[in-house]
Amino acid sequence: MTAKPTLTVLAGPTAVGKGTVCQYIREHYPQVWFSVSATTREPRPGEEEGVHYYFVSMDEFDRMIDEGQMLEYAVVHGKNKYGTPRTKVQQALDAGRPVILEIDLQGARQIRKSMPQAQLVFLAPPSWEELVSRLTGRGTESEQEQQRRLETAKVELAAESEFDVTVVNDTVERAAHEIAQLIGAEPAQ
Ligand code: 5GP
């Protein structure tokens with residue numbers, strides 16, 4: 001049996017449904033460990049500190065960078081900073097758990113350089129039209145913010161070939177099982 005890569009980066013354009021796919025994996029493959037990122041953005045309704053993100057100030061975030069605590073970080077959508085705290089990822093890897101980083105393209109490129117053994121998975125929408133409809137239908141961002149995110153999405157879609165494998169998010173369940181297989185995770189009994 002070949003050893004599966006233990007660190008997987010899951011990236012893809014905004015509103016492709018990364019969050020929903022990850023939630024499905026969380027529920028059905030509990031041995032998978034998801035990194036919780038730090039961010040300077042404001043929490044959305046229902047988001048919890050330490051569960052969805054660590055919500056920090058810009059000063060706190062910059063201090064974490066200066067102290068070498070970030071495995072990778074990026075300014076996303078030209079606005080807020082997002083980053084992966086290094087120590088917790090290392091602890092999960094040391095414990096032998098498959099780790100998923102749900103991060104943006106810039107972060108994926110940094111991980112490619114710093115951890116070349118990581119597997120890069122691109123989650124793609126079935127079509128551009130479907131992506132636009134998912135983003136506008138979500139209703140959580142202002143029109144201006146939606147436009148900004150669609151611009152980012154175009155850039156992100158163009159980077160698909162940099163990834164090791166593409167998974168199409170046609171249905172959440174199918175995409176989640178395909179990703180689980182790629183990382184060698186077994187469903188919970
Ligand atoms: P949202 O604001 O919708 O939660 O996330 C916006 C974007 O930030 C998503 O594309 C998400 O993948 C990305 N992101 C979340 N956490 C991180 C992180 O730790 N590092 C990087 N580079 N991107 C992140």
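**Ground rules.** I number residues from 1 along each chain as its sequence is written, and I leave hydrogens and water out, with side-chain values using heavy atoms. As the model is predicted, local features need pLDDT of at least 70 and side-chain atom pairs count only at pLDDT 80 or more, while totals for chains, interfaces and linings use all residues.

**Sheet.** I looked up the strand order and found an open sheet of five strands, β2-β7-β1-β8-β9, with parallel pairing. Strands (E, at least two residues) and helices (H or I, at least four) are DSSP runs numbered from the N terminus, and two strands pair if DSSP finds at least two bridges between them. The edge strands, each pairing on one side only, are β2 (33–34) and β9 (165–168). I then checked helix α7 (residues 172–182), which packs on the sheet and touches β1 (7–11), β7, β8 (119–124) and β9; contact means heavy atoms within 4.5 Å. The direction of α7 makes about 155° with that of β9; the axes are lines fitted to C-alpha atoms, for helices over the stretch in contact, and angles run from 0 to 180 degrees between N-to-C directions.

**Cores.** A nonpolar core is a set of buried Ala, Val, Leu, Ile, Met, Phe, Trp, Tyr and Cys residues joined through side-chain atoms within 4.5 Å. Buried means under 20% relative accessible area, exposed over 50%, partly exposed in between (1.4 Å probe, protein chains only). The largest core has 22 residues, and Ile25 and Ile179 are among those with the most contacts inside it. I note that α1 (18–28), β8, β9 and α7 each supply at least two of its residues. A second, separate core has 21 residues, including Ala92 and Ala159.

**Ligand.** I found 17 residues around the ligand (a heavy atom within 4 Å). The closest are Ser37, Arg41, Tyr53, Glu72 and Tyr82. A ligand oxygen is 2.7 Å from a side-chain N or O atom of Ser37, and for Arg149 the distance is 3.2 Å.

**Thr40.** Is Thr40 buried or exposed? Thr40 counts as buried because its relative accessibility is 13%. Thr40 is in the loop between β3 (37–39) and β4 (53–55). Its side chain makes a polar contact with that of Asn80 at 3.2 Å; such a contact is a pair of N or O atoms within 3.5 Å, and within protein one must be able to donate a hydrogen and the other to accept it, with residues adjacent in sequence counting only if both atoms are side-chain atoms.
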